[in-house]
Amino acid sequence: MKVQTYSATFSVRPCPRPTPCLSGSEGSLPRTWGLPGGAMAHLHYKYSLLSSAAEEYRKRPLPLQLDYAPLGVFAVLEVQRELQRPWTPMSCLRRPKLYGFIFGLTVIFLIMASYVLSSERKGLLLTPSPYHADSSLNLGTLPFNFSSNKDRSHITQVLRQILSKVEFSPRKVPDLRMLVHSEPHMFSVIPRHFLPDVKNPCWYEQLSGNVSADPYRRNLYSLYSRQSRATFQYLRSSFRKHLLFRDGKFFRIRCLPYFYIIGQPKCGTTDLYDRLRLHPDVRVTALKEPHWWTRKRFGIIRPSDGLHARYPVEDYLDLFDLPAHQIQDRLLANNSGSSNQANIIIGEASASTMWDNNAWAYFYDNATEGEPPFLIQDFIHALQPEARFIAILRDPVERLYSDYLYFGMANKSLEDFHEKVWESLQLFDACLQEFSMRACVYNSSLNNAMPVRLHVGLYVVYVLDWLSVFGRDQLLVLRLEDHAADRTLSMHKVFQFLSLRSLSEQKEAEITKRPASNTRRLADKNLGPMLPLTREILSDFYGPFNRKLANVLQDDSFLWDTHSKPASRSG
């Protein structure tokens, strides 16, 4: 079947000469992105309901090899993904290998169970990380053993070693041509300019082939996310009636989010998302956290599960089809003389977007001194330089404890949390002996080895890196403590930041007075507050980072000093 090329070009508000939303010559209209070496290449995006472009992206070979080097505390395992083979009668010949594999897994399970139950901490038994670190890091060569000395003086010594290494050096922002070279498919799908009369970033995409075919049959979110199945089922039934037919061609509307709630986990992102979605001009996806930018586009479902099929950018864009259709309806009504404005905006709230760059070492091997060559925000900025971001933070000491309670295994206790904090501090200290602070913050093997996620609370590192590409007016930073104390004021800040219209008192009350979302579970509340010594250690650890954050944001409330009231009821 013939596949036609993308042939529509549109404009965005910054463009000095907007072009019509449906224009272009017959055939294909090339989109130009910079490529390395000063050369410019025309990338033609071909899309069809029967196209295999997305399928080829899922099967894109991974730059991996198997490495049998001994595992150290920072060592990671390089793996090579193999496509699943269908069952055949010859499969029986491989049964001895299968039995051997099951036996090996059983032995590993028994060893791990013995280690956990015995609570021996003389050494660290690590499950190999699904990520691979660049060979230039040489993390496996670091000798390390946990110290059994837990007296206050020894802990203070380790803290001093860590804090002596704290530095905030500016990062090197990658060139656009490097980004395009690393992700050519993504840049071939999303145009550089958007519809000029729509607040949200949207564009039209030409279709070819059988327009009656199911456009979502290969979408991995549709296949594996129960939360979004009902939405995709509705979209299947309404897809064709939202196609635009012009000059003998079919077009579908596509949209990206206007805003992103980027973090942090256990800081109230769910509550903010649930309230913001009630505004009549805001639309969100049924799936609150797609995690596409940080995980799914690399084939990572959960960091502990290894690699799966990569989610192409088309699957991510499909998540916004329902609000995109509503935007199109308003746009067409406006063109027919209606007073309705196409002012609907779309948002998503993946709490990993701000901080999770763990996949960099797996796919981008040209790192410098262990720091990622690209960050998530680099790609978003290249595609959406006017995007807006909301980060809601809380006292990092309380955040870490809440994180432990929510994601921790069975047998949680105050003493277990204290021990995990101590182990994580020693791991972080060992990394800083060899590498820069940013290299350790973004070190995927270190992040997977730490029993608790200390690095997620180093807010200022992430804020500074986001501000390296986006303007300060594009990032709204809130505190959970303030949000819990005065939700009306907090939501007003958000509405103003997103340029949303004012609401009636009744609608505003509906948004601000609803019960809090995702609060702490009763069993976790019964555990009580962390040990005083644990709180003191964590306060000393996060202190310098909080002071830098308060300085960057020009707001002393981000110091979270002893007078700050913990918002424990919000999770």
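**Helix packing, sheets and a bent helix**

In H8, the residues Asp271, Leu272, Arg275 and Leu276 touch Arg487, Met491, Val494 and Phe495 of H19, contact meaning heavy atoms within 4.5 Å. The model is a predicted one, in which local features need pLDDT of at least 70 and side-chain atom pairs count only at pLDDT 80 or more, while totals for chains, interfaces and linings use all residues. Residues are numbered from 1 along each chain as its sequence is written, and side-chain values use heavy atoms, with hydrogens and water left out. Helices (H or I, at least four residues) and strands (E, at least two) are DSSP runs numbered from the N terminus.

Back to that helix pair: H8 (residues 269–276) and H19 (residues 487–497) pack at about 70 degrees, their axes 11 Å apart. That makes H8 roughly perpendicular to H19, a label for angles of 65 to 115 degrees. Axes here are lines fitted to C-alpha atoms, for helices over the stretch in contact, and angles run from 0 to 180 degrees between N-to-C directions.

Next come the strands. Three of them form an open sheet in the order S3-S5-S4, with antiparallel pairing; two strands pair if DSSP finds at least two bridges between them. S3 (202–207) and S4 (244–246) sit at the edges with a single partner strand each, so one side of each has no neighbour in the sheet. From one strand to the next, the twist averages 40 degrees. S3 and S5 (residues 249–255) are joined by six bridges, and tryptophan 203 stands opposite arginine 254 in S5. Lying across S3, S4 and S5 is helix H10 (residues 321–335), which runs at about 115 degrees to S5.

Strand S8 (residues 345–348) is covered on both faces, with Ile345 and Gly347 buried on one side and Ile346 and Glu348 on the other; buried means under 20% relative accessible area (1.4 Å probe, protein chains only). S6 (residues 259–263) runs parallel to S8 and is joined to it by two bridges, with phenylalanine 259 partnering glycine 347. S7 (residues 282–284) also pairs with S8 in the parallel sense, over three bridges, and here arginine 283 stands opposite isoleucine 346.

Finally, there is H22 (residues 532–553), whose 22 residues reach 29 Å from first C-alpha to last, close to the expected 32 Å (1.5 Å times one less than the number of residues). H22 bends by about 40 degrees at glycine 543, with proline 544 following within four residues; the bend is the angle between axes fitted to the seven residues ending there and the seven starting there. Among the buried residues of H22 are Phe541, Tyr542, Gly543 and Pro544. Just past H22, glutamine 554 takes a positive phi of about 55 degrees.

Definitions and conventions: Buried means under 20% relative accessible area, exposed over 50%, partly exposed in between (1.4 Å probe, protein chains only). Angles under 35 degrees count as roughly parallel, over 145 as roughly antiparallel, 65 to 115 as roughly perpendicular and the rest as oblique.
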